Amino acid sequence: MAAVATRLASLSGFDPALDALRLEAAASGFLFLDRLVSEWRSGTNRFEQPGEVLVGAYVNDVLAGVGGLNCDPYEPNASIGRVRHLYVAASFRRQGIGSDLLEAIIGHASNFYQAVRLRTDTKTAGEFYLRHGFSAVDHIWATHVKQMKAGRAPSIQAAVGHNLARPSLSS
Ligand SMILES: CC(C)(COP(=O)(O)OP(=O)(O)OC[C@H]1O[C@@H](n2cnc3c(N)ncnc32)[C@H](O)[C@@H]1OP(=O)(O)O)[C@@H](O)C(=O)NCCC(=O)NCCS
């Protein structure tokens, strides 16, 4: 549980505060929130397919972080979920907010998917996901994978498929 009082909420409508988070993220080189906002606005991805969710973390009603779960668009197997766009504002980091967001996403995923995976290219995030029980994998569409406890989980190899060269895409 986060060291600060944090309220998690499923974002079913667009929270304008996402724009402030997006600008902060972009200024430090994380462009995936630009994608989140533009895909939300265009309707391409509003995290509204079965099993999907977009979660916001609020501290004193300030949006401190966000993270999403999609049915993995890079995998035809609908039993694999993908953690997307996890971001905690710099001033709120190392207080457990990212962990609360990720645990909420994992808990939700366990009702729908046999495994979740993601792609990150930062050491910090890599450490963070390992801390949460993900395994590092070398795959075209994923750097980390976690099997769900409840499901009829496939092996990690089945979840990540063939070991192919990795393109330079972010999560
Ligand atoms: C990765 C991120 C979401 C973590 O959020 P957070 O709220 O700071 O994470 P937590 O406070 O819950 O950290 C949990 C654990 O993860 C690990 N961790 C988190 N940040 C770390 C860092 N900078 N270096 C090493 N380990 C780290 C630690 O084990 C930490 O536990 P501890 O604080 O008791 O040592 C946040 O740093 C972030 O938004 N980074 C920029 C965007 C990004 O990389 N997103 C991931 C895209 S896939």
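This is a predicted model: local features need pLDDT of at least 70, side-chain atom pairs count only at pLDDT 80 or more; totals for chains, interfaces and linings use all residues.

Colleague: Which element gives the most residues to the shell around the ligand?
Modeller: The shell around the ligand holds 20 residues, and the closest are Arg93, Gly98, Ser99, Thr120 and Glu127. Two or more residues come from each of β4, α3 and α4 (123–131). The top contributor, with 5 residues, is α4.

Colleague: How do the residues of that shell divide into nonpolar, polar and charged?
Modeller: Again, 20 residues surround the ligand. Gly counts as polar in this scheme. The division is 8 nonpolar, 8 polar and 4 charged.

Colleague: Where does Arg94 sit, and is it buried or exposed?
Modeller: Arg94 lies in the loop between β4 (80–88) and α3 (97–109). Its count is 8 other C-beta atoms within 10 Å. The cut-off for exposed is 12 or fewer. Therefore Arg94 is exposed.

Colleague: What is the C-alpha to C-alpha distance between Arg94 and Ala2?
Modeller: In sequence, Arg94 and Ala2 are 92 residues apart. In space, C-alpha to C-alpha, the separation of Arg94 and Ala2 is 8.9 Å.

Colleague: What is the order of the strands in the sheet?
Modeller: The protein chain has 5 helices and 7 strands. From the N terminus, its elements run β-α-α-β-β-β-α-β-α-β-β-α. The 7 strands form an open sheet with mixed pairing, in the order β1-β2-β3-β4-β5-β7-β6.

Colleague: Which strands are at the edges of that sheet?
Modeller: An edge strand pairs on one side only. Averaged over the sheet and ignoring direction, neighbouring strands are turned by 30° against each other. The edges are β1 (7–10) and β6 (135–139).

Colleague: Which residue of β5 is the bridge partner of Arg82?
Modeller: Strands β4 and β5 (residues 115–118) run parallel. They are joined by 3 bridges. In β5, the partner of Arg82 is Arg117.

Colleague: Is Leu69 buried or exposed?
Modeller: Leu69 belongs to strand β3 (residues 62–71). It has 27 C-beta neighbours inside 10 Å. The cut-off for buried is 20 or more, so Leu69 counts as buried.

Colleague: Why are α1 and α2 described as roughly antiparallel?
Modeller: Two packed helices are described by the angle between their axes and the distance between the axes. For α1 (residues 17–27) and α2 (residues 32–42), the axes are 8 Å apart and the angle is about 150°. The cut-off is over 145 degrees, so the pair counts as roughly antiparallel.

Colleague: What share of the contacts in the protein chain joins residues 24 or more positions apart?
Modeller: Buried residues make up 35% of the 171 residues in the protein chain. The contacts counted here have a separation of 6 or more. Of these, residues 24 or more positions apart account for 62%.

Notes. Residues are numbered from 1 along each chain as its sequence is written. Helices (H or I, at least four residues) and strands (E, at least two) are DSSP runs, numbered from the N terminus. Two strands pair if DSSP finds at least two bridges between them. Axes are lines fitted to C-alpha atoms, for helices over the stretch in contact, and angles run from 0 to 180 degrees between N-to-C directions. Two residues are in contact if their C-beta atoms, placed from the backbone, lie within 7 Å. A residue is near a molecule or strand if its C-beta atom, placed from the backbone, lies within 6 Å of it. Angles under 35 degrees count as roughly parallel, over 145 as roughly antiparallel, 65 to 115 as roughly perpendicular and the rest as oblique.
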